[in-house]
Amino acid sequence: MTTDQPAPAVVAALVPPARTAEPGPAGAGAGPAAPARRGFLAKAFGVTALLSAAGSALGLLRDLLLARYFGANQGTDAFLVAWTVPETAAPLLIEDAMAFLMVPAFSLALVLREERPEGPDPVRQLVRATLPWLLLALCALSIAAGLGAPQLVALLAPGLADPGLAVSCTRITAFSVLPFGVAGYLGSALRAHHRFTAPAAIYVAYNLGILAVLLTGQALWGVRSAALGVAFGSVLMAGVLVTPFLRRLRPGRRGRSTGPAAGGGLVLIPLAMLPVAAFTLTRQAQVFIERYLGSGLPPGTISHLNYAAKVSQLAMTAGILIVTVTFPLVARALAAGDLTAARDRVEKDLGQAAAVVLMGTAFLMACAPSVVALLFQRGAFGAHDTAATAAVIRVYSFGLPAQAMIGVMVRPYFSLRPVVRRADDPKTDDGGRRLLDWYPVAAMAFGLLVTVGVGLAATPGFGALGLAAGNAAGITATAALLLRGLLLRGIALRLRLVLAGQARLLVSGVAAAAAGALAAGLAGNPLLSTLIGGAAVVLVYAALGTALGAAELRGPVLALARALYPPATAAEGKLPHGR
């Protein structure tokens with residue numbers, strides 16, 4: 001039997017491998033253990049959300065300090081090219097590919113440990129069989145990135161004004177590949193053991209390391225202090241996981257065998273991670289394209305794009321966290337073969353994620369200038385940089401709903417991948433499904449072609465705005481293909497229902513953005529403008545969405561209304577139920 005378990009997110013290890021389908025709706029949490037499971041999910045989500053928010057806040061503070069100390073010039077452009085190394089390594093080695101491979105492997109090892117309490121420990125066997133090879137591969141990648149820094153910079157940004165500085169920073173950040181990989185491996189093991197606090201804290205440690213070096217060394221080393229901070233922060237990231245990981249390795253039961261398959265243990269299928277890694281790299285290639293084309297534009301363009309992307313992504317974080325929590329329900333339904341339950345959950349996730357992200361998008365459309373001025377306009381970051389960054393944010397925002405949809409839809413593709421199986425289970429012929437696993441890569445590749453085409457056509461006349469438009473167009477094309485691909489996967493989304501719901505939310509978002517822009521223009525102070533504009537966005541978005549019948553908005557609005565007006569008041573006819 002092949003054991004499949006999703007692992008791209010913090011809650012991926014919460015749903016145990018399903019050996020037989022339980023009665024009741026798949027994925028609905030039926031059964032006596034459902035309340036405990038929901039409580040554990042809520043607790044894990046709460047801890048993860050809190051620490052993720054802390055890490056994001058520290059990351060924002062890091063970007064604010066970069067803007068304050070160095071502004072947006074050829075120096076920050078050089079650092080951001082070097083930033084490409086950790087920016088690419090993190091999704092591959094921490095968030096996606098590593099987790100997809102190792103969380104299921106450690107989960108099955110734990111199952112075998114419980115089934116066979118005597119004899120060699122499968123968890124230790126798995127560590128001995130995989131960790132040494134992983135460390136060798138990570139060292140080789142780190143050294144290769146450092147030695148090849150000149151060629152890497154020339155490839156990523158051939159028109160960079162100061163390539164020497166970029167090469168120096170790249171060699172420093174190349175060191176982060178090793179601790180990133182170690183952090184991803186240890187974090188996957190801990191999540192499989194249902195330990196979430198330490199893995200969720202890694203970005204807090206990472207950004208604290210960057211801030212410490214940046215604050216103490218920026219006067220001495222300039223922008224290189226940020227690169228040194230990346231290296232130091234990556235060490236802290238791995239360091240916070242070592243002790244919790246060692247505690248999970250039980251003493252004794254060492255045995256003689258050294259392979260995960262020994263004694264009826266585990267068989268890993270490393271090639272199964274290729275579609276995940278390819279999709280991650282292809283998606284990250286949008287950043288490569290931006291920096292490649294942006295390197296030929298005036299100095300500071302890459303920095304404007306970076307600051308705009310960081311602010312824009314904040315609007316999507318809450319929506320993706322919602323999907324992260326509900327993902328085990330989709331995985332359980334797919335594991336049980338209940339495609340109807342999976343379809344219903346994916347449709348609901350698409351609506352809920354869109355509702356949150358479109359409100360954030362409307363807010364950015366309305367208040368981008370005041371938000372950027374409030375966050376960044378100080379020190380070396382002037383009014384010109386504020387205007388340029390705000391304009392890019394508004395163009396970027398057109399692609400945020402599509403990014404959220406991709407975050408929802410890509411999960412079903414990779415939730416049933418055969419990355420690990422028992423040694424005594426027969427191999428299964430699932431070549432057709434494996435071929436379909438590559439569909440997201442093909443969709444993302446097509447989106448990249450759109451990004452390149454729009455970018456090349458629009459950059460000569462519009463500069464950074466043309467690059468942002470290419471990004472939005474490419475990611476939207478990818479989302480459309482993935483929506484179609486879910487049907488091929490066997491999840492028969494009711495497209496008319498889904499698109500109708502998205503249209504209601506989109507109309508509400510457009511109206512809210514227009515109202516918010518008018519309200520934000522009434523105040524000259526950035527803080528006051530942001531508050532007034534944001535309030536207008538929320539009120540118009542909620543009211544119009546409720547009036548149009550958007551279920552994702554109507555339910556919370558009516559729940560709030562009932563909380564403000566007791567049921568007795570509603571029964572007297574003073575508050576309509578909306579039915």
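## Salt bridges

The count of salt bridges here comes to 5, each being a side-chain nitrogen of Lys or Arg within 4 Å of a carboxyl oxygen of Asp or Glu. The model is predicted, so local features need pLDDT of at least 70 and side-chain atom pairs count only at pLDDT 80 or more, while totals for chains, interfaces and linings use all residues. Residues are numbered from 1 along each chain as its sequence is written, and side-chain values use heavy atoms, with hydrogens and water left out.

Let's start with Arg62 and Asp63, whose closest N and O atoms are 3.3 Å apart. Arg62 counts as buried at 7% relative accessibility, and Asp63 is buried at 4% (buried is under 20% relative accessible area, exposed over 50%, partly exposed in between; 1.4 Å probe, protein chains only).

## Around helix H14

Helix H14 spans residues 339-376 and holds both Asp349 and Arg345, 4 residues apart (helices are DSSP runs of H or I, at least four residues, numbered from the N terminus). Their side chains meet in a salt bridge of 2.9 Å, N to O, and both residues are buried.

Glu347 and Arg494 also form a salt bridge, at 2.5 Å, N to O. This pair links distant parts of the chain, 147 residues apart: Glu347 sits in helix H14, and Arg494 in the loop between helix H19 (464-489) and helix H20 (495-520). Glu347 is buried at 10% relative accessibility, whereas Arg494 is partly exposed at 37%.

Definitions and conventions: Helix = DSSP H or I, 4+ residues; strand = E, 2+ residues; numbered from the N terminus.
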